[in-house]
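Thanks for coming. I have one structure to go through, and I will take it region by region. Here it is.

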Amino acid sequence: MVERHSGNRTRWRLGALATLLVLVFGLGLSLPPRPTWAMAEAMAGCAPTPSFIGLDGRRDLEIRRAPGAQKIDDYVRRSNLRLRQLAEDRSFEPDQIVVQEQPPFSLVGILKSDGRFTPELGVDDPAGACFGLSRQQLALRYRDDLRRAISTYRGTHTPSAWLKGTALAALVLAVYILWLRLQGWLNRRLRRHFAERPHFVMQGLGRLGVAGFVEADQVRQLMQWLRQVVHWTLVLVVSYLLIPLLLGFFPPTAGIAEGLRGQIRTTLLGVLRSGVQAIPNLASMVVVLVITVLVIRASQAWFRAIHHGRIRLPGFYQEWALPTSRLVTILFSLFGLAAAFPYIPGSGSKVFQGAGLFLGALAAIGSSAVTTNIISGLMLIYTRAFREGDRVEVNGVVGVVQDRALLVTRLQTPRNELVSIPNASVIGASVVNYSFSRREIQQPVAIATTITIGYDVPWRRVHTLMLAAAQSVEGITDEVAPFVLQTSLNDFHISYELNAFVRHPDTYRQTLSEVLAALQDQFAAADVEILSPGYHAIRNGNRSTVPKTVEPNG
């Protein structure tokens, strides 16, 4: 029994050892071979930035290490001069470039018709190690590259090639000029379109539920600015792309064109790579913004239903619906922006952080007065002091409320003046609302005016005349009967106050003027003198102040 268990343990250990050996062997096969000391020493002399040998600015041969102890810059410069000499020598054929072995070098040179060999390039083992090749393989690559460079140079430096390049350049320029004219026409067409149809963008914003945050003029100006930006961006991009295209038609500038195309290609690939990497973040940002827009539209629809009376909430007045909808929209918008901000490409960069600090500093500088007015505006909304369309008096200014914003309240006076009063001033003043009683308790608002009559006139007669004056005015309603109060017994006269109720608060000032005129007519017709504080000191036999001629309704 003991032997059986011992045998099992032995087999288990052998199996584990075999498994471990297989894993190690497989891992060794899967890992790249470690460079030997000789390879590492050879690669240590490779230039970090390769140099190139070529014609007309092209990069035909890549050089990472000069043979022997030569400097790579001097070696490349001499090789470029020699290559141009060979290319311009029409008696020389590219097939004469061959490779011969002279250890420790593989020589790339010219084999003449008489069998003599002239070396031009030398390739040693360290140079091949820079490319991960043997020196023979690198020498053969250089041979093929030299043959190709000379053949290309001769093929492009011919009269027919120059004529062909000139014709293609003229054609491209003609197409470019035609495109510029078409682009200019389209730009002018869009400018007129934006100017003549200012509300087409607002309709789209209205469907998204954000039209209340902007005005038509602002949208028009923004669209015109975007139009100019897109127009000039297209012009500059196409003009820049035209430069390497034109330069590539002519042999001396083909290398410059290739360099520009390489820059454009690198830039586009970088932008494309960044765009692909940003797709998940952009998708998340779009999802957050779509959800935010849907929630905003749902909340706006709900508050509109409250505003129109289709939904009723106990203790929540209908006039609160639209202001509350704006506040909820702002809160949801801020929440959506905060949720989407981490997904914006570059949101964690120093630029975004600096912009955030700058905006925070601006907000801290100007937040005191702004916050006070905003809080005051919210208090005015939810204390129901007035609403748009009400006739009110604030700080001695009488007018109709045109706008009740978060920062200011705007009143239109009877003289069609627009008075903007900061909400902080409104909340600290007494507000007289002439429209409140008719709207809330279905009762008319009263006007009151005081006149002084001497003690020689019976008070009952004065009451009769004042009531008759009120009843003769068309703007005074008969819903509530007017009445007269005796407010004080002065030294030389009695103060009488007439209270009459206006039919409509919008005619308050006009009705008050008509009541004062009617009082003058009634007392003049009854030969009763309306005294003022100035008359009691000079009553020494002077004539009465009652007009001699009374014109009815005058």
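In which helix does Leu182 lie? Leu182 lies in helix α6. Before I go on, some housekeeping. This is a predicted model, in which local features need pLDDT of at least 70 and side-chain atom pairs count only at pLDDT 80 or more, while totals for chains, interfaces and linings use all residues. Residues are numbered from 1 along each chain as its sequence is written, and side-chain values use heavy atoms, with hydrogens and water left out.

Helices and strands here are DSSP runs numbered from the N terminus, with helices being H or I of at least four residues and strands being E of at least two. For accessibility, buried means under 20% relative accessible area, exposed means over 50%, and partly exposed is in between, with a 1.4 Å probe and protein chains only. The areas themselves come from the Shrake-Rupley method with a 1.4 Å probe, and for residues only the protein chains shown count as cover.

Back to Leu182. It counts as exposed because its relative accessibility is 52%. Together with Trp185, Leu186 and Leu190, Leu182 makes a nonpolar surface patch of about 370 Å². Patches are made of residues with over 30% relative accessible area and no salt bridge; like charges are joined within 9 Å, and nonpolar side chains (Val, Leu, Ile, Met, Phe, Trp, Tyr) within 5 Å.

There is also a positive surface patch, formed by Arg181, Arg188, Arg189, Arg191 and Arg192. For charges, Lys and Arg count as positive and Asp and Glu as negative, with His and the chain ends not counted. The place of a charge is taken as NZ of Lys, CZ of Arg, CG of Asp or CD of Glu. Arg192 lies in helix α6, which covers residues 159–196. Its relative accessibility is 40%, so Arg192 counts as partly exposed.

Next, salt bridges. By that I mean a side-chain nitrogen of Lys or Arg within 4 Å of a carboxyl oxygen of Asp or Glu. How many does a search of the whole structure find? It finds nine salt bridges.

One is between Glu120 and Arg82, with the closest N and O atoms 3.1 Å apart. This pair links distant parts of the chain: Glu120 is in strand β5 (residues 117–123) and Arg82 is in helix α3 (residues 72–88), 38 residues apart. Glu120 counts as partly exposed at 26% relative accessibility, and Arg82 counts as partly exposed at 31%.

Another joins Glu88 to Arg84, where the closest N and O atoms are 3.8 Å apart. Why are these two separated by about one helical turn? Because Glu88 and Arg84 are four residues apart in helix α3. As a general point, an α-helix has 3.6 residues a turn, so residues three or four places apart point the same way. Glu88 is partly exposed at 48% relative accessibility, and Arg84 is partly exposed at 32%.

Is Arg135 buried or exposed? Arg135 is buried, with a relative accessible area of 11%, whereas Glu101 is partly exposed at 39%. Glu101 and Arg135 are also linked with Asp125 in a network of salt bridges.

Now the backbone. Pro103 and Pro104 are joined by a cis peptide bond, with omega about 5°. Pro104 lies in the loop between β3 and β4 (105–111). Further along, Asp527 has a phi near 55°, a positive value in a residue other than glycine. Asp527 sits in the loop between α15 (508–525) and β14 (530–531), and it is exposed, with a relative accessible area of 60%.

The expected span of a helix is 1.5 Å times one less than its number of residues. For the 20 residues of α10 (residues 321–340) that gives 28 Å, and the end C-alpha atoms are 28 Å apart, which agrees. Its buried residues include Val328, Gly336 and Ala340. In strand β8 (residues 408–412) we have Leu411, which is buried, with a relative accessible area of 1%. Leu411 and Asp390 are 21 residues apart in sequence and 9.5 Å apart in space, C-alpha to C-alpha.
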